[in-house]
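The model comes first, then the details.

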Amino acid sequence: MKDFRPITDVAALQFGIAVAANSPHKTLAQYLQAARSQASQGDIGISLIGSLLHFLAMDFIAQSATKGQIVPYKGGTPMLNDLLAGQIPAGMDATTTFMEFHRAGKIRVLAVSGSRRAVSLPDVPTFAESGFPDLVATSGYVVYARADTPPAAIAQWNQALRKVLALEEVRTKLLHAGYDTVPGSEPAQVVASTERAAARWLPVIRKSGFKGD
């Protein structure tokens with residue numbers, strides 16, 4: 001917020017909670033029923049601690065009144081491997097990690113974190129649809145410049161990037177990779193979005209007591 005100035009957002013992504021394909025849980029409600037009756041069934045693997053994903057998982061455990069634990073991994077691949085092997089009952093990560101495995105029938109994504117369903121996973125309900133209206137979280141990618149970049153240069157970059165984002169080839173590639181496409185935005189809109197995210201998640205982070213290394 002101090003050292004950089006946003007140009008525009010370029011792609012959005014959601015997070016999801018998933019179980020292995022051989023899990024008996026077909027819905028989030030079924031998973032939660034098991035997690036509430038047996039604490040270890042509420043454990044959730046995540047790919048990165050200290051991230052939005054981490055605090056989303058913590059908030060989900062708190063809101064769902066389970067006694068599960070966060071199981072941190074060094075990346076999505078080892079977490080996904082343990083999920084497929086049945087070493088953890090559930091995993092949470094970006095939908096880009098889960099998409100192809102869900103489509104192939106190897107895992108089952110039970111819910112996603114956006115305000116609407118992910119374009120790449122149209123068959124999966126949101127947390128809000130599943131009874132958690134406050135559990136909405138999205139992430140994505142923003143192109144930044146140094147804070148001392150002239151406004152005219154920021155505007156020029158903004159226009160150029162938004163032209164690229166409108167190209168059908170670019171939109172198709174982003175969708176294929178599992179991202180939600182965006183048309184781009186004004187720098188002030190990125191700042192406002194960042195401030196809203198901070199207001200939503202800083203209380204959760206502080207309440208957790210988490211300290212980064």
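Ala18 stands opposite Val109 in β5. This is a predicted model. The pair belongs to the contact between strand β1, residues 4-20, and β5, where five bridges join two antiparallel strands. Gly16 also faces β5, with Val112 as its bridge partner there. In β4, the bridge partner of Gly16 is Asp93.

| Partner of β1 | Sense | Bridges |
|---|---|---|
| β4 (residues 90-94) | antiparallel | four bridges |
| β5 | antiparallel | five bridges |
| β6 (residues 138-146) | antiparallel | nine bridges |

On the β6 side, Asp9 is bridged to Val142.

How many residues of β1 are buried? The count is 14 of the 17, so β1 is largely enclosed by the rest of the structure. Strand β5 spans residues 107-112, and six of its six residues are buried. It too is therefore largely enclosed by the rest of the structure. The cut-off for buried is under 20% relative accessible area.

**Nonpolar cores**

The largest nonpolar core has 30 residues. Those with the most contacts inside it are Ile17, Leu28, Tyr31, Ile44, Phe60, Met92 and Phe127. Strands and helices both contribute: β1, α1 (28-37), β2 (44-46), α2 (52-64), β4, β5 and α7 (187-208) each supply at least two residues. Helix α2 gives the largest share of this core, six residues.

Ile17 shows how these pieces meet. Leaving aside neighbours within four places in sequence, Ile17 is in contact with Leu28, Tyr31, Ile44, Phe60, Met92 and Phe127, among others. Its contacts also include Ala90 and Gly91. A further run of contacts takes in Arg108, Val109, Leu110 and Ala111.

A second, separate core has 14 residues. Ala18 is one of them, and Leu83, Phe98 and Val124 are also included. Ala18 is the residue that stands opposite Val109.

**A loop residue**

Where is Ala104 found? Ala104 lies in the loop between α4 (95-103) and β5. Is Ala104 buried or exposed? Its relative accessibility is 52%, so Ala104 counts as exposed; the cut-off for exposed is over 50%. Ala104 and Ala21 are 83 residues apart in sequence. In space, their C-alpha atoms are 9.7 Å apart.

Notes: Residues are numbered from 1 along each chain as its sequence is written. This is a predicted model: local features need pLDDT of at least 70, side-chain atom pairs count only at pLDDT 80 or more; totals for chains, interfaces and linings use all residues. Side-chain values use heavy atoms; hydrogens and water are left out. Buried means under 20% relative accessible area, exposed over 50%, partly exposed in between (1.4 Å probe, protein chains only). Two strands pair if DSSP finds at least two bridges between them. A nonpolar core is a set of buried Ala, Val, Leu, Ile, Met, Phe, Trp, Tyr and Cys residues joined through side-chain atoms within 4.5 Å. Contact means heavy atoms within 4.5 Å.
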